[in-house]
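Visitor: I am new here and would like to know what the words used for a structure rest on. Could you take me round?

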Amino acid sequence: MSNVYSPYNVLIIGGGLGGLFTAALLSKSGMRCLVLEKNAIIGGGLQSFRRGAQHFDTGMHLLGGFGEGQTLRRLCDYLGIYDQLRLKDVDETMDEIFMASTGDRYEIRGSREGFAQSWARYFPQEETGIARYVDALYRITDQLSLFHLRPSDTMAALSEDCLIPADEFIAQYIEDEHLRQLLAYMNPMYGGRAGHTPAYIHAVINVLYIEGTSRFVGNSGQLADALRQVVEEAGGEVLNRAEVTRIVVQDHAVQRVELADGRQFSAEKYVSAVHVRELLRVTDEGAFPKIYRQRLEDLPVGYSAFSVYLTLKEGYPYVNRSGYVQRAWGKIWSLEAYNAEWPHGLLYMTPPDSEDATTASRMTITAPMPFSAVAPWADTTTHQRGAEYQAWKAEMTERVLDLLATRLPNIRQWIDRIEAASPLTIRDYYHSPQGSLYGIEKDAEHFMRWQIPVFTKVHNLYLSGQCVGLHGICGTPLNAVQTAEAILGKNTLLGHI
């Protein structure tokens, strides 16, 4: 099939969270969109997989921003999809941090006041510093108009606090070294590195979850399905198994895209919601200036993770909060380090099967890991990695369970079935270079280097997804707002919202 098919205003490459939100926002504004997704299942990080009777989410385990008045809730209300989502708020005590080497355990409550009071209970001598630190988190996020969906006329300059490394930011307010480390416990949510990760990334993630954490009841694909419905009701289409192999550019404009199966599609405007390296791979060599192409190719990516998915025996108690386990003090800024002591930390949770769940049938465990750990098998494909890889994967799974057992000593007796995924799995599922979970790595020392505008050097091609700004369940939809406004006009959407 080689005919060019073009009844669309906007064609979006990539049906992950960024692509679907971009398409839904544009569709809400009257545009007809076509979304092309390479995988059999749409959603990117919203994908889930089935093993036996259980569904496991691959990426979006913890949700921030769905509380009343929060960013994602407002976006979903605007799109008319919030009532279609099955969500469960976590308990007032939202997180627990366990230090395996000492047995210390910290229970942390949500809300601005509850978060500060929780830490002050364990470190009363730091009460004043904790209060100042929490105030500073909110002060930083208040500067970010997009985070609050506020229309703005200009790009406001960020304060110095926003751009210093997150570890230095914490140290400005906190004297106790242990507390400094504990306040960075959400590192697995944003891939933080000492001396590099900007404080505003740390602030956004912390405030997002402090203000309210939720979980999907069932599986995360429900959000992808709801966004798809918005697109289709506006006359658009979302196609899976639609792999774009070439973006044809002539005279500084995209003319059409070509698919692996021979189909061709065109539109007035195009949005790439895949990783920028994936975009470069399928774009004509001369489409972008060499300097621009080289800059995108050289952008560093963050680290990956090793995940373990447990099917639990009947009767395991459901726990309505997240658990963070760290092996020892001093490792919080290098949790991904791959050595004989790996894993240095992990995040575990039990997804709810119902809104009033009292028992859990599943557990998801995630431990940061660099891609270098799987470098020997980098050229292999799924189900073709060989016995050596399977043995390594089994060993890593046992290491993860060993660390988990320091907090949950009886966990092995509750396990019915085990599945595991490495950075290779993440790379192949999400088409993310080196299995990176966090898009482009942000660096306080080179702020302008990783700033990628949604506009490209091809005048009808725009960028979306987590490479162009913040990552994750909240950041990626905010990037979609920016992309939609680049097409519709500045503050068009934000004015409505």
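Guide: What follows is a short tour in questions and answers. This is a predicted model, in which local features need pLDDT of at least 70, side-chain atom pairs count only at pLDDT 80 or more, and totals for chains, interfaces and linings use all residues. Residues are numbered from 1 along each chain as its sequence is written, and side-chain values use heavy atoms, with hydrogens and water left out.

Visitor: What makes the chain agree with a compact globule?

Guide: The rule is 2.2 Å times the number of residues to the power 0.38, and the radius of gyration is taken over C-alpha atoms. For 497 residues a compact globule would come near 23 Å, and the chain has 22 Å, so the two agree. Its C-alpha trace spans about 65 × 55 × 45 Å along the principal axes.

Visitor: How many helices and strands are there?

Guide: The chain has 15 helices and 19 strands. They are DSSP runs numbered from the N terminus: helices are H or I with at least four residues, strands are E with at least two.

Visitor: Why is Leu-46 called buried?

Guide: Buried means under 20% relative accessible area, exposed over 50%, and partly exposed in between, with a 1.4 Å probe and protein chains only. Leu-46 has 1% relative accessibility, so it counts as buried. Its place is in the loop between strand S2 (33-36) and S3. Beyond the residues up to four places away in sequence, Leu-46 touches Leu-17, Met-60, Phe-216, Ser-220, Gly-221, Leu-223 and Ala-224, where contact means heavy atoms within 4.5 Å. Leu-17 is 29 residues from Leu-46 in sequence, and their C-alpha atoms are 6.9 Å apart.

Visitor: And why does Glu-258 count as buried?

Guide: Glu-258 has a relative accessible area of 17%, so it is buried by that cut-off. This residue lies in strand S12 (residues 253-259). Its contacts beyond four places in sequence include Glu-243, Arg-246 and Arg-263. Across the chain, buried residues make up 60% of the 497.

Visitor: What makes helix H2 largely enclosed by the rest of the structure?

Guide: In H2 (residues 71-79), 7 of the 9 residues are buried, so the helix is largely enclosed. Among the buried ones are Leu-72, Arg-73 and Tyr-78. The buried residues of H2 pack against helix H1 (17-28), strand S5 (63-64), helix H9 (221-233), helix H14 (472-488) and helix H15 (492-496). After H2 comes Gly-80, with a positive phi near 75 degrees.

Visitor: What is called a pocket, and what a cavity?

Guide: On a 1 Å grid over the protein atoms alone, a cavity is a set of points where a 1.4 Å probe fits but cannot get out; a pocket is an open set with protein on both sides within 12 Å along at least five of seven lines, and lining residues have an atom within 4 Å of a point. The second largest pocket holds about 650 Å³. Of its 23 lining residues, the closest to the centre are Arg-51, Lys-393, Ala-420, Ala-421 and Thr-425. H12 gives the most to this lining, with 6 residues.

Visitor: How many cavities reach 30 Å³ or more?

Guide: The structure holds 5 of them. The second largest cavity has a volume of about 100 Å³, and its lining includes Tyr-190, Glu-441 and His-471.

Conventions
Points joined across faces, edges and corners; volume = space filled by probe spheres on them.
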